Amino acid sequence: MICNTFVPLACTLNNMNDFSASLEIRELAEVKVVSIDASPQLVERGKEHRFSCSDEYILLSLAQRGRAGIRQDNREVTLSAGEFSLYDTRKPYQLSFTESFKQIVVRIPYKAVIDRTGPIDHLTARPFSNQQPFGRLAYDFFMGVAALPAGQSAKTLGKIAEQSIDLLAMAVSPLLHQQKAVTLSRNTLLYRIKQHIATHLDSPELTLTQVSQFFGISSRYVNQLFNDEHTSFGRYVLATRLESCAARLSQTHYDHLTVSSIAYRFGFYDMAYFSRTFKARFGMTVKAYRRESRYPDT
């Protein structure tokens, strides 16, 4: 049971006749938090295991009792209580527990982490401690999440999941090289700006000035962040609004909505402008797009 909680693994028990284990699982949107109390064992994810896109996670082990060995990327670390480390399920790894142990393991989608940090191959199987400022903040937060009472709303769990990923990115930042730390900061900020845009597409106040003031940075710097992806703030907002409208128009679930109501929902208050930009983006009128999405062969 332990070995298949996260991804397919192989487990070797030190003593089959005297083995015990308990798991307590909490699902926080895309993040899974598991409290484990178990007997000694060796856990391996090797080349014989089938690796797939559904197995792309970063696992974060936070030691509470006992010692835990983690080996990956030609590095090995031994964790004691108050320490934590991360490893990548896309690659082989080994976990060694020579005594009874208690730990919390957090499973986070790989893409959600690297969207904030950039590549993390150099961060696997490295020790982090709750004696470090950011490390303590992250460690205590995850301990609190593991003890979270049941019955939380989906909205609350989603917010906690986002905070979990942000805190992990913050905790590992001291091990990044200076340039990578700059990249981390830019990636994280751009990610948060995109999240802000996604939740305010209907607002006429979603402007470059409003966003720069909201995040306490200059308008020029906002555009510099988007320039990293070969676009600008304005082009990104327009493209996101158009893609959101197109998604609604292509789904029969929204057939009861008029074109104008869908356009208003995503911040288009001038229908002539909406029609013109939609055709420029998708190569057909709005009505034709809606019809083609239903009957592509007609």
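## Exercises on a predicted model

Gln94 sits in strand β9, which covers residues 93-97. The model is predicted, and the exercises below start from this residue.

**Exercise 1.** Find which side chain makes a polar contact with that of Gln94, and list what else Gln94 is in contact with beyond its neighbours within four places in sequence.

*Solution.* 
Step 1. Look at the side chain of Gln94: a polar contact of 3.0 Å links it to the side chain of Glu44.
Step 2. Set aside the neighbours within four places in sequence; Gln94 is then in contact with Leu42, Val43, Glu44, Gly69, Ile70 and Arg71.

**Exercise 2.** Locate Ser212 and decide whether it is buried or exposed.

*Solution.* 
Step 1. Ser212 belongs to helix α5, residues 208-215.
Step 2. The relative accessibility of Ser212 is 4%. The cut-off for buried is under 20%, so Ser212 counts as buried.
Step 3. The side chain of Ser212 reaches the backbone oxygen of Thr209 at 2.8 Å.
Step 4. Leaving out residues up to four places away in sequence, Ser212 touches Ile217, Ser218, Ser219 and Val222.

**Exercise 3.** Describe helix α3 and the place of Met170.

*Solution.* 
Step 1. Helix α3 spans residues 154-172, and Met170 lies in it.
Step 2. The helix α3 has 19 residues; from its first C-alpha to its last it reaches 27 Å, close to the 27 Å expected at 1.5 Å a residue.
Step 3. Among the buried residues of α3 are Leu157, Ile160, Ile165, Leu168 and Val172.
Step 4. Met170 counts as partly exposed because its relative accessibility is 33%.
Step 5. On the surface, Met170 forms a nonpolar patch with Phe134 and Leu137; together they have about 250 Å² of accessible area.

**Exercise 4.** Examine the phi angles of Asn74 and His230, and state where each residue lies.

*Solution.* 
Step 1. Asn74 is not a glycine, yet its phi is positive, about 60°. Asn74 is in the loop between β6 (68-72) and β7 (75-79).
Step 2. His230 also has a positive phi, near 60°, and is a residue other than glycine. His230 is in the loop between α6 (219-227) and α7 (233-249).
Step 3. Check accessibility: Asn74 has 86% relative accessibility and therefore counts as exposed. His230 is exposed too, with a relative accessible area of 73%.

Terms used:
Residues numbered from 1 in each chain as written. Predicted model: local features only at pLDDT ≥ 70, side-chain atom pairs only at ≥ 80, totals over all residues. Heavy atoms only, no water. Patch = residues over 30% accessible without salt bridge, like charges linked within 9 Å, V, L, I, M, F, W, Y side chains within 5 Å. Areas by Shrake-Rupley, 256 points an atom, 1.4 Å probe, with all protein chains shown as cover. Salt bridge = Lys/Arg side-chain N within 4 Å of Asp/Glu carboxyl O. Helix = DSSP H or I, 4+ residues; strand = E, 2+ residues; numbered from the N terminus. Buried < 20%, exposed > 50% of the residue type's maximum accessible area, 1.4 Å probe, protein only. Expected span 1.5 Å × (residues − 1). Polar contact = N/O pair within 3.5 Å; in protein donor to acceptor, adjacent residues only side chain to side chain. Contact = heavy atoms within 4.5 Å.
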